[in-house]
2 protein chains.
Amino acid sequence: MIADVLIIIKPPLIYIEDSGEEIGRGVYSTHGFFKDEIVEVAPVSLLDVNFEMFPKELQTRVYNWGFLTKSNIKHAIAMGYGSMYNHSDYPNLRYEADTNFEVIRYIALRNIAPNEQLTIHYDQYDGIHEHLEDHWFNRNKIQKRDIG
Amino acid sequence: MIADVLIIIKPPLIYIEDSGEEIGRGVYSTHGFFKDEIVEVAPVSLLDVNFEMFPKELQTRVYNWGFLTKSNIKHAIAMGYGSMYNHSDYPNLRYEADTNFEVIRYIALRNIAPNEQLTIHYDQYDGIHEHLEDHWFNRNKIQKRDIG
């Protein structure tokens, strides 16, 4: 149920380009962002489905909506460019899920220069956005690919 | 395998807003587009998985990549806003899949005014972008929702 309030979602000031690395495409800033600025508001598609029901190729893209929002709906796929951000142990974005508007917001963790690759931590938890443990990759038997 | 040529994908000149209808959110033009203008180039995530393996909620979002490209990879999920376009029997966009760049391009079928809802035909085939038959919905046992 989407909140009964006008919300207009605009595309972010980013671009997609091949990263030149094995990991493939990445998302880059078109211009600079200040710390705490919202970089993207991505609409999500909610999927009340267990993780193992997703095709393997989708598992790296799926957000743990139930965990992020403490709600009953288990997963979400982010549209816009929310599924295109690569993982970093030292990301420059954090994200927060909003059940009212069915969006995920991506927010700058520090000042970001133009043409920097924008990254998130796939195992963001408890407000900690940087860590070196690989729980998420290990738990889901997904090979870690890290843009560093 | 993504083409070894520089391609930069920029977000489209669109916005997302609640349509005010049961169907939920829709994609709208920020400004006018001319007939044959490219409205969006959406990166895709390729998924060599049978249709029935997708969670029901995802089946309305999945593109028949194998059919569109005559390639062996069966399906794709479009990022950007490619999964957000609603269906119309008289759409104002057509789409074409590009295996070299792993993108789907959305192209204006006619001149489009600012703030028009942008629509596609979910069963686009054989270059025909407008028709009233419901093969796709019937075949996949998905209830048709049409913005008209």
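**View 1. Ile38(B) and its bridge partner in strand 8 of chain B, Ile107(B).** The model is predicted: local features need pLDDT of at least 70, side-chain atom pairs count only at pLDDT 80 or more, and totals for chains, interfaces and linings use all residues. Residues are numbered from 1 along each chain as its sequence is written, chains are lettered from A and ligands numbered from 1 in the order in which they are written, and side-chain values use heavy atoms, without hydrogens and water. Strand 3 and strand 8 (residues 103–108) of chain B run antiparallel and are joined by five bridges. Strands (E, at least two residues) and helices (H or I, at least four) are DSSP runs, numbered from the N terminus; two strands pair if DSSP finds at least two bridges between them.

**View 2. Strand 3 of chain B beside strand 5 of chain B, joined by four bridges.** These two strands run antiparallel, and Val44(B) has Ala78(B) in strand 5 as its bridge partner. Eight of the ten residues of strand 3 of chain B are buried. Buried means under 20% relative accessible area, exposed over 50%, and partly exposed in between (1.4 Å probe, protein chains only).

View 3. Strand 1 (residues 8–9) of chain A and strand 1 of chain B run antiparallel and are joined by two bridges, and Ile9(A) is the bridge partner of Ile16(B).

**View 4. The salt bridge between Arg25(A) and Glu102(B).** A salt bridge is a side-chain nitrogen of Lys or Arg within 4 Å of a carboxyl oxygen of Asp or Glu. Here the N to O distance is 4.0 Å, and both residues are buried.

**View 5. Glu96(B) with two salt-bridge partners, Arg94(B) and Arg105(B).** The closest N and O atoms are 3.1 Å apart for Arg94(B) and Glu96(B), and 3.8 Å apart for Glu96(B) and Arg105(B). Arg94(B) is partly exposed, with a relative accessible area of 22%. Glu96(B) is partly exposed too, at 31%, whereas Arg105(B), at 16%, counts as buried.
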